[in-house]
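Hi everyone, thanks for coming. Let me put the model on the screen, and then we can walk around it together.

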Amino acid sequence: MTENSKEVELQSSAINSEHEYDGGLRVANLDAVKDPGLEPHRVRMTDKSVKHEKAAVRQVSLLFAVSMIGSAFALWAYFTFPLSENLSTVRLNTLYLGVGMTLGLMGIGIGAVHWAKTLMPDNEVSEERHLTRGSDEKRAAAIEILNAANQESGFTRRKLIRRTLYGSLALFPLPGIILLADLGPNPGDSLRHTFWKKGTRLAKDPTGIEIKASDITIGSVFQIIPSGLNPENKEYLEEKAKAAVLLVRVDPSELNETEERKGWSYQGIVAYSKICTHVGCPVALYEQQTHHLLCPCHQSTFDLVNGCKVIFGPAARPLPQLPITVDSEGYLIAQSDFLEPVGPSFWDRSVKS
Amino acid sequence: MKRLRSKINGMRRSPRALGIVMFAGLLVVGTGYTAVSASVSPNREVVRTQEQIDLGKKIFLANCASCHGKNAEGSVNAPSLIGVGEASVDFQVSTGRMPGAASGPQLEVKPVQFTLEETAAMAAYIGSLADGPSIPDAAYLQANGNASSGGELFRINCAMCHNAAGAGGALTQGKYAPQLMGSSAKTIYEAMITGPQNMPVFNDANITPEQKNDIITYLTYLQNNSSVGGEELGSLGPVSEGLMAWLGLLGLLVIIAVWLAAKSN
């Protein structure tokens, strides 16, 4: 034991003398944290007493035995709880297989660590770092190897090979760069327009059934998509994501409409974009008595009877309102598209509209 | 005293204790199971007779009129009940929400105060005052519709408040959408047609009676079938699952890391 540590000491002092160098003009940091050195070696119970050593041996082999049982259990469970058409069979199959495999792997892992910690030698050993710079002989040898490689491959001598290699290396990254073009094209004005146009009828999501104003009783909420937008359309999901509307009928006396929006509702029926102006979650948690519209993602709350202005939360703008009216057959229709871009802010959206 | 403490310390340091702690952690994480079972109560038909209306009026005057007014015309404390319909009375009274114990952000479900007959009599009385949504036809409460289309309708019209698994969720200022795992088919139907408290109305033009039956079928399926993926953790998604991962699993990993680095004694 003591011999061992002496040897380590001798070695380290030899290395230190080899590595001593002149600090030059460097400012000496006298206040540096002192190397506390190794703490004294603590003799383990397993080294002192045969009883403890035997106990540790038993524990390690017990852990390995647990691992064996776990693996066998996993095998047994796989055949005892087979997967079938019934989805609920996934549950027991996965559970028991997982428990068995966990025991199988953890038994080995914990056993091995426990073995190393209690029974294998635990002498503290320290190794010194070497300087980064190699010895002069090693550096000369490295240069010699490079020169020999140059000679043998003819890298300097065979100009054609060298230049074509440079060329191929220069071109090689270009296909990777061109792929970045797929991040585009720029969306153009598609963020400013939706599927709604003048005269588009309001239809129910997901059936696409058009609705009449008389269908909507006070206190009702309808989840609306533009008529004519159906899953066969190629751009169905993108258009639906922009055009989704929440339709609510309130007592007309409760509506506080600004002068310019007086004609945007129909007998207390109002239609607002369902896409939150914060980060675009669907806002559809409507409270019938308070007329609050709550966004479930970040709790932005909009006051439906006051132009959907923000009364709580991080949203910066009111929800855009879809101007609606009825056609000659009594169906609800849009007077136009939304008059401002729906959804969250984007890079070149003006702040005002 | 000292010896006892050192003995306890010794026990705490022993690898066995660590093994026990880790195994307990594993057990908690891996094998939590709850059986979800909810029974659907049988449907009741309400037939309006004059005796019922008279009885209902008596019960109303004794229990409800102080807030809702002697003629159900409402007051500053409570809305008018004229035209709310039998379905509304049945929903509010048979779930125990009415009579309300105190005013607050929301009336909560509590033990039912009236018998089936008394509830039916009150419903008949309110129904006799003016037309309103009536007790749903039992044909639409059989939960024999298309659960898959019901699931789609539920996700479009209901899930934003009630959660895709019917686990409920928070609204503004102390209000909440209740969880639906204990709700009967009739209660679900009545809630859709009457729009109780802050829930909007879903009339038959919006969701047809057949589609309402589909939604009930979907919810009944959820009520009667436990989650395929094991423990749902309240079906609250990333909230409870994240809590479990951060506190439970991370705690376990920290324990293992401490054990790995600790010197054996």
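Which residues in α7(B) meet which residues in α10(B)? From α7(B) we have B:Ala147, B:Ser149, B:Gly150, B:Gly151, B:Leu153, B:Phe154 and B:Arg155, and they meet B:Gln211, B:Asp214, B:Ile215, B:Thr217, B:Tyr218 and B:Leu219 of α10(B). Contact here means heavy atoms within 4.5 Å.

Before I go on, some housekeeping. This is a predicted model, where local features need pLDDT of at least 70 and side-chain atom pairs count only at pLDDT 80 or more, while totals for chains, interfaces and linings use all residues. Residues are numbered from 1 along each chain as its sequence is written, chains are lettered from A and ligands numbered from 1 in the order in which they are written, and side-chain values use heavy atoms, with hydrogens and water left out.

Back to that pair of helices. Helix α7 (residues 147-157) and helix α10 (residues 209-224) of chain B have axes that come within 7 Å and cross at roughly 95 degrees. Axes are lines fitted to C-alpha atoms, for helices over the stretch in contact, and angles run from 0 to 180 degrees between N-to-C directions. Helices (H or I, at least four residues) and strands (E, at least two) are DSSP runs, numbered from the N terminus. α7(B) and α10(B) are therefore roughly perpendicular to each other; that label covers 65 to 115 degrees, with under 35 as roughly parallel, over 145 as roughly antiparallel and the rest as oblique. The contact residues divide into six nonpolar, five polar and two charged. For these classes, Ala, Val, Leu, Ile, Met, Phe, Trp, Tyr, Cys and Pro count as nonpolar, Asp, Glu, Lys and Arg as charged, and the others, Gly among them, as polar.

Now a pair that spans the two chains. Helix α4 (residues 89-118) of chain A and helix α11 (residues 238-261) of chain B have axes that come within 10 Å and cross at roughly 30 degrees, so α4(A) and α11(B) are roughly parallel to each other. On the α4(A) side the contact uses A:Met106, A:Ile110, A:Val113, A:His114 and A:Lys117, and α11(B) brings B:Ile256, B:Trp259 and B:Leu260. By class, that contact has six nonpolar residues, one polar and one charged.

On a 1 Å grid over the protein atoms alone, a cavity is a set of points where a 1.4 Å probe fits but cannot get out, and a pocket is an open set with protein on both sides within 12 Å along at least five of seven lines; lining residues have an atom within 4 Å of a point. Grid points are joined across faces, edges and corners, and a volume is the space filled by probe spheres set on the points.

There is one cavity of 30 Å³ or more, and the largest cavity holds about 70 Å³. Its lining includes A:Asp205 and A:Pro206 from chain A, and B:Leu153 and B:Gln211 from chain B. The peptide bond from A:Asp205 to A:Pro206 is cis, with omega near 0 degrees.

The largest pocket has a volume of about 1500 Å³. Of its 49 lining residues, A:Gln289, B:Pro79, B:Leu81, B:Gln92 and B:Gln197 lie nearest the centre. α5(B) gives the most to that lining, with four residues.

Thanks, all, and over to you for the discussion!
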